[in-house]
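Please have a look at the structure first, and then I will go through it step by step.

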Amino acid sequence: MRHAGIILIVAFLVSGATLPERGPMPLARPSSGDDQPTPTPKPATPPANGADAEEKPNGRAGNDARADGDLPPGWKDDALDAVPVLVIEKENPQEYASCLSELKSLGSSFSEVDRIDDGKGCGIDKPIEVRAILPGVTLKPEGVMRCEAALALARWTKETAAPATSSAFSPETRITALNQASTYVCRLRNNADTGKISEHARGNAVDIASFTLSDGKTVEIQPRDEDGTLTGAFQRAVTASACLYFTTVLDPGSDAAHEDHLHLDVIERKNGYRYCR
């Protein structure tokens, strides 16, 4: 049998036939690392009256997950079926104390409240409940948020929104209330069933629906890109200036979900990137 096998091989080579080529070796599957996507779990059922739909910033921030579209072409990550544990970020004690001190120096009225943990990443380590963002400028209704978000709101109101009010209407006119549509609430962006967790669920965001002025006028947030009045100029001015204080600013021009409010948040992004539109 051995001799017969040798004879067959020699005959095959003499005939001029060639052995079939081997196909390319499959590439090794990418190893797990920081560039691998992780899923975003679904937090507690979002309330039906949630007010905001945030944008989808470039890059990752906090515990946000990357989309399936970021996967290398040609394969699916089995880890997408896993559910990572989202945790509430701890406040730095020194930074928190400094924030409270600065907020008090601006004349804000607020109370420190108990830690919030609604599960699946929703919550605030050291929340505060804000009653008035500045002396004589109430937040209606009172809102719960992180100190960092409240401080950005107070600075924006004092340094840009208040002066814009006097310039647009009259020197005597001032803001008496910021009417908010949403502060802390446990939900996903866009009130969706799947996707990234909202910055509202971390206490980083506030939605401003309107301004109440001392002359009794209420300036409601609405599409005003083509509004040639001083009211239109006022809204455009406060919206543009908000990006000096917040890292995300979404107005009625951004999408249909923001036609009746300004979404302002202090999410941290790589390289100090800000999203304002």
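The protein has four helices and eleven strands, where helices (H or I, at least four residues) and strands (E, at least two) are DSSP runs numbered from the N terminus. Please keep in mind that this is a predicted model, in which local features need pLDDT of at least 70 and side-chain atom pairs count only at pLDDT 80 or more, while totals for chains, interfaces and linings use all residues. Residues are numbered from 1 along each chain as its sequence is written, and side-chain values use heavy atoms, with hydrogens and water left out.

Of the 277 residues in the protein, 44% are buried, and by buried I mean under 20% relative accessible area, with exposed being over 50% and partly exposed in between (1.4 Å probe, protein chains only). If we take contacts, meaning heavy atoms within 4.5 Å, between residues at least 6 apart in sequence, then 65% of them join residues at least 24 apart.

Now to the charges. Side chains of opposite charge can pair when their charged atoms come close. How many salt bridges does a search of the whole structure find? The search finds seven, a salt bridge being a side-chain nitrogen of Lys or Arg within 4 Å of a carboxyl oxygen of Asp or Glu.

One of them is formed by the side chains of Arg146 and Glu91, at 2.7 Å from N to O. This pair links distant parts of the chain, 55 residues apart, since Arg146 lies in the loop between strand 5 (137-145) and helix 3 (147-168), and Glu91 in the loop between helix 1 (2-14) and helix 2 (93-105). Arg146 is buried at a relative accessible area of 16%, and Glu91 is likewise buried, at 14%.

Arg146 also forms a salt bridge with Glu148, where the closest N and O atoms are 3.0 Å apart, although Glu148 counts as partly exposed, with 32% relative accessibility.

Another salt bridge joins Arg224 and Asp227, with 3.1 Å between the closest N and O atoms. Arg224 is buried at 9% relative accessibility, and Asp227 is buried at 18%. As for shared partners, salt bridges join Glu91, Arg146 and Glu148 into one network.
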